[in-house]
Amino acid sequence: MKYLIGNWKMNLGPSESLNLVAELITKMSDFQPLEVVICPSLLALVPVFAKNKDHFSLGAQNCFYEDEGAFTGEVSARQLEGLVGYCLVGHSERRQLFNENETEVNHKVRACLKNGIKPVLCIGETLNQRQNGETETTLRNQLDGGLMGVGASEIGKILVAYEPVWAIGSGQTPKMDDLAHAVHIIQTQFEFMYGNSQVPVLYGGSVSDENAEEIMSVPQLDGLLVGNSSLNPEKFAIIGEIIKRGSGLTWSQI
Ligand code: PGA
């Protein structure tokens with residue numbers, strides 16, 4: 001299974017989101033077996049779910065780990081259950097701008113699993129960590145912390161998105177050798193933790209219709225997590241086509 005996830009971040013209201021989904025449907029009508037997941041804002045999830053649940057899988061951009069209660073402004077994994085199949089957890093914008101720490105990320109991963117939602121655990125090094133040669137330690141620590149208490153029987157429901165912080169929204173992407181090495185680190189960490197390296201690994205950070213082909217040439221990569229370019233239906237559809245082509249299938253609609 002290959003994945004294409006669109007993270008719309010804090011863009012588009014409910015009706016604009018419905019318009020974008022409608023455009024995506026006309027451009028991406030036959031995407032099996034590529035799993036296309038769109039992550040609109042929470043505000044838009046319900047109308048998008050109501051009108052388009054048969055077309056795309058849905059993901060949340062965040063969740064809270066307590067089931068319910070006095071947590072003003074939060075939405076729990078339990079509330080999202082049935083609405084979304086996926087949830088981004090530990091996105092670097094959450095870690096950096098909202099001070100989300102490893103313990104919270106871990107609680108969110110577990111809350112998703114408990115509620116039948118597949119967590120997309122986002123990990124990646126900052127520019128500083130990269131320049132100090134700390135990429136490997138950072139990735140291993142983030143996997144170790146994020147997956148604490150998650151049993152081997154549950155790892156089939158987890159996706160990992162490698163998103164170097166310095167690549168997000170910057171127009172920069174890693175060298176393909178470095179990307180392949182990061183995927184290898186993630187797989188060997190799973191092997192170390194669970195005796196099984198089989199985990200879907202996606203790449204995210206300035207993916208566009210122009211660089212998707214090169215990025216997807218990295219062996220073992222299972223898909224892409226796309227921010228900015230996911231707001232452009234033409235670009236998003238081309239990226240989907242590229243992933244599909246890479247998996248040996250043609251996408252006749254494009
Ligand atoms: P970008 O965002 O594609 O705009 O760099 C990716 C992400 O934040 O997931």
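## The shell around the ligand

In this predicted model, the residues around the ligand divide by class into seven polar, three nonpolar and two charged. Going through them by name, you will find N7, K9, H91, E163, I168, G169, G205, S206, V207, L225, G227 and N228.

In K9, a side-chain N or O atom is 2.7 Å from an oxygen atom of the ligand. E163 likewise has a side-chain N or O atom 2.7 Å from a ligand oxygen, and for H91 a polar side-chain atom lies 2.7 Å from an oxygen of the ligand. On its own the ligand would expose 280 Å², and the protein buries 97% of that area.

## The pocket that holds the ligand

If you are looking for the site, go to the second largest pocket, where the ligand sits. This pocket holds about 310 Å³ of space. Its lining has 21 residues, with G169, S206, G227, N228 and S229 nearest the centre. Sorted by class, the lining of this second largest pocket counts twelve polar, six nonpolar and three charged residues.

## The largest pocket

The largest pocket contains about 560 Å³ of space. It is lined by 20 residues, and K9, M10, Q61, N62 and R94 are the closest to its centre. Two elements, α2 (42–52) and α4 (92–97), each give two or more residues to this lining. The largest share, three residues, belongs to α4.

Here the class count for the lining of the largest pocket is nine nonpolar, seven polar and four charged residues. When you turn the model around, K9 is a handy landmark: it is among the residues surrounding the ligand, and K9 is also one of those closest to the centre of the largest pocket.

Terms used
Residues numbered from 1 in each chain as written. Predicted model: local features only at pLDDT ≥ 70, side-chain atom pairs only at ≥ 80, totals over all residues. Heavy atoms only, no water. Near = heavy atom within 4 Å. Polar contact = N/O pair within 3.5 Å; in protein donor to acceptor, adjacent residues only side chain to side chain. Areas by Shrake-Rupley, 256 points an atom, 1.4 Å probe, with all protein chains shown as cover. 1 Å grid on protein atoms, 1.4 Å probe; cavity = no way out; pocket = protein on both sides within 12 Å on 5 of 7 lines; lining within 4 Å. Sits in = over half its atoms within 2 Å of the grid points. Nonpolar A, V, L, I, M, F, W, Y, C, P; charged D, E, K, R; others polar. Points joined across faces, edges and corners; volume = space filled by probe spheres on them. Helix = DSSP H or I, 4+ residues; strand = E, 2+ residues; numbered from the N terminus.
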